[in-house]
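I opened the model to look up two things.

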Amino acid sequence: MLLRRLPLQLLKLRPISTQLPSKLPIVTRSYTIMTTERKITDWVPKDSKTGEFNRLASTFRHQISRTSSDLPPESNRYHLYVSYACPWAHRTLIVRALKGLEKHISVSVVHWHMGPSGWRFGEEGEGEEIQKAPEPNTGAKFMRDIYNTVEGYDGRFTVPLLWDKKMNRIVNNESSEIIRMFYEEFDDILPEEKRGNSYYKEEDRQRIDEFNGWVYETVNNGVYKSGFATTQEAYEKAVISLFSSLDKIEAILRESSGPYIFGSSLTEADIRLYPTIIRFDPVYVQHFKTNLKMIRHDYPNIEKWLRHLYWDIPAFRETTNFEHIKKHYTKSHPQINPHGITPLGPVPDILPKNA
Ligand SMILES: N[C@@H](CCC(=O)N[C@@H](CS)C(=O)NCC(=O)O)C(=O)O
């Protein structure tokens, strides 16, 4: 049986929402999901008739803002919890690096294995990049301990999560919003060359939003809809939409006047697409059964775009950890891969720039 709510005193955590005077509104939306009978791997409820995976909306949506007195941008005040395996967390790491926010926003990387209690912090000897438990800001051993500091929280224990070290509270757990806060809210503490929001410019917003809309539904989340589906119909529906969108992206990149989705400037559209495409051949093709085609063999323009981002822009390469990516998916989803065997291929994880 899963522990639903751990006693806070045992965790040595401060119950932030009850003890600290927070001016932030406490989220009251109903987000019932993790019942005691439900396992962490039951992304599709056992009694689902359609077998379709429906991702829940993120709960914590507070905004860091230059005009906010509650959550102003400050150096070394905010902390990001991520997994290198997670594509949603990967976006936040890419933008943190692109903006040069590493010195100002600290990071903890969880262990790649997500077990029955969810993401956990590491033990000695488990890899230098992994944050060891107890995690220093909160004393947590698991991500769920951090979420459980909020009275009544009954949602999933996801990464990424942005934490306020000064007020000891959760700021936001929605990657699409975290990256937007990073674009410009911290500009006052950044050097001149890092200021400005070139990834989501006013004049590009409409086309970026339009692109993100269908890419999120059919590609970013589409791979999960394929992999987590528990009926043949749900799986096929997801895979067909996924490949039709990949065909469309291939055509967009073929016609593009530059190396990016929208020509010569790197935008949020590229940033949000990359974490899914870099995982595609190494993991999704076999683990999520998205195997009608492979990026490297069948989509030359997407492949060229991918290699450019990976090999030419350190923020992409240095935040990509194939070991965490491959091991996480293949060893954390016993409902898909009961023996947790990680396939050796494809070799290499990504082809050289000019192969
Ligand atoms: N909407 C969230 C989704 C985050 C998410 O689903 N993260 C996954 C890892 S890739 C997670 O932590 N899952 C744990 C769980 O569902 O129990 C975002 O984009 O930030």
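I began with the residues that join H6 to H9. On the H6 side I listed Ile208, Phe211, Asn212, Val215, Tyr216, Val219 and Asn220. They meet Glu268, Ala269, Arg272, Leu273 and Thr276 of H9. Contact here means heavy atoms within 4.5 Å. Helices are DSSP runs (H or I, at least four residues), numbered from the N terminus. I sorted the residues of this contact by class: 7 nonpolar, 3 polar and 2 charged. Ala, Val, Leu, Ile, Met, Phe, Trp, Tyr, Cys and Pro count as nonpolar, Asp, Glu, Lys and Arg as charged, and the others, Gly among them, as polar.

Next I checked the geometry. H6 spans residues 205-220 and H9 spans residues 268-287; they pack at about 10°, axes 10 Å apart. H6 is therefore roughly parallel to H9 (angles under 35 degrees count as such). Axes are lines fitted to C-alpha atoms over the stretch in contact, and angles run from 0 to 180 degrees between N-to-C directions.

A note on the source: this is a predicted model, with local features needing pLDDT of at least 70 and side-chain atom pairs 80 or more, while totals for chains, interfaces and linings use all residues. Residues are numbered from 1 along each chain as its sequence is written, and side-chain values use heavy atoms, without hydrogens and water.

Then I turned to the ligand. Which polar side-chain atom lies 2.6 Å from an oxygen atom of the ligand? I found that it belongs to Ser175. A polar contact is a pair of N or O atoms within 3.5 Å. A polar side-chain atom of Glu174 is 2.9 Å from a ligand nitrogen.

Key
Polar contact = N/O pair within 3.5 Å; in protein donor to acceptor, adjacent residues only side chain to side chain. Helix = DSSP H or I, 4+ residues; strand = E, 2+ residues; numbered from the N terminus. Parallel < 35°, antiparallel > 145°, perpendicular 65-115°, else oblique.
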